[in-house]
Amino acid sequence: MRAAFLAAAIVFTGAASAQDAGKEIQRYRDMVAEGSPAELFELEGETLWNKPQGPKNVSLERCDLGKGPGVLKGAYAALPRYFKDVDRVMDLETRLLHCMTVLQGRTLEDATKRVFGNADQPSEMESLSAYVAAQSRGMKMAPGVSHPKEKQSIELGRALYFHRVGAWDFSCATCHGDEGKRIRMQELPVLYKPQGARATAASWPAYRVSTSSFVTLQWRMNDCFRQMRTPEPNFGSETTVALIHFITATGAGATYNGPGNKR
Amino acid sequence: MAAGPMKMRATLGQGFTDVRVLMNHPMETGQRKDSDGKLVPMHFIQNLTVKVNGKLVVDAQISQAVSRNPVFSFRLKGGAKGDKIEVAWMDNKGESNSTEMALA
């Protein structure tokens, strides 16, 4: 009897401290969000957007992100989507890369030389993503879901999400498949269900506090594949775009509230 | 990345003004090593000032203990519409930056 009582008490304190930790993490997140350095990346991105670069020495101001050349308002909320001019589905970063090569005349090699930055030197792509995404704040996420190629991309993303690969036989669903899983103190969202996907769609790209850097969805896909020990996917590949498309389409309807903050 | 962007927000309350300023700075402590194993030299904001209509109201000495890309917020007494608020910093290498705005 006494042993049973003790065991119950231990279980109870265990549950309470996990809850407290969750609350404390939320408090920390709220504090960080108050003065998020993401805003600094937005400012830097604006400068880069207007800066003439590449062999043609032009800026990205005429870049068409789906709403017409140079239209930024709401552009991010409607991505990924199908682009007629290239006959494929593109996410924000893939489209930016397209504009860098077509408008600015840069080679693919030059434009993808340094897509993921670090704390000391953020990448051009990261700052540009922050700037463009910020212009969709307060809007509903509504990626393209009606064109046959868009449907195909979402279905590919769904298949990839559950497809086990690599030496460790991991799929996205291995970690992001059940509610309540976490790595250390980081909760893992279930991204094939609207609830988890909405929070993700509403907050990426984001400032990552632990590395003092700005991270994008292409980076997130790339790094998840690294953690799964697969070969590195190409930047803006059909695979990474399809996964981003699937997750964003699952989270459609969320109000965009980014660029957000990650631990 | 010297003198990157700064962003300030100031809001007028009842008899006070809240100023929040975000600044871009590496804030190197001098203890960190780079990928080649060499020490990254100290580089941090030493002095931070806030002026209201040209009058110095905050003069702060800060050190390496402050994080990268710091945020500061101050509550100033008083304040009226149109008051000009200036925030400036100077680091240990003599680099500086400032931003200003009028209270609305």
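This is a predicted model: local features need pLDDT of at least 70, side-chain atom pairs count only at pLDDT 80 or more; totals for chains, interfaces and linings use all residues.

Biologist: What makes helix H5 of chain A largely enclosed by the rest of the structure?

Modeller: A residue counts as buried if 20 or more other C-beta atoms lie within 10 Å of its own, and eleven of the eleven residues of helix H5 (residues 124–134) of chain A are buried, so the helix is largely enclosed by the rest of the structure. Among these buried residues are Glu124(A), Met125(A), Tyr131(A) and Ala134(A).

Biologist: Why is H3(A) called roughly perpendicular to H5(A)?

Modeller: The axes of H3(A) and H5(A) come within 10 Å and cross at roughly 115 degrees. Angles of 65 to 115 degrees count as roughly perpendicular, and that makes H3(A) roughly perpendicular to H5(A). The crossing of these two helices, H3(A) and H5(A), is right-handed.

Biologist: Which residues make the contact between H3(A) and H5(A)?

Modeller: From H3(A) come Leu92(A), Glu93(A) and Leu96(A), while H5(A) brings Met125(A), Leu128(A), Ser129(A), Val132(A) and Ala133(A). Sorted by class, the contact of H3(A) with H5(A) has six nonpolar, one polar and one charged residues.

Biologist: How many residues does each chain give to the contact between chain A and chain B?

Modeller: Chain A gives nine residues and chain B gives ten residues. On the side of chain A that touches chain B, the residues divide into four nonpolar, two polar and three charged.

Note on methods:
Residues are numbered from 1 along each chain as its sequence is written. Chains are lettered from A and ligands numbered from 1 in the order in which they are written. A residue is buried if 20 or more other C-beta atoms lie within 10 Å of its own, exposed if 12 or fewer, and partly exposed in between; C-beta atoms are placed from the backbone. Helices (H or I, at least four residues) and strands (E, at least two) are DSSP runs, numbered from the N terminus. Two residues are in contact if their C-beta atoms, placed from the backbone, lie within 7 Å. Ala, Val, Leu, Ile, Met, Phe, Trp, Tyr, Cys and Pro count as nonpolar, Asp, Glu, Lys and Arg as charged, and the others, Gly among them, as polar. Axes are lines fitted to C-alpha atoms, for helices over the stretch in contact, and angles run from 0 to 180 degrees between N-to-C directions. Angles under 35 degrees count as roughly parallel, over 145 as roughly antiparallel, 65 to 115 as roughly perpendicular and the rest as oblique. A crossing is left-handed if the near helix is turned anticlockwise from the far one by less than a right angle, and right-handed if clockwise.
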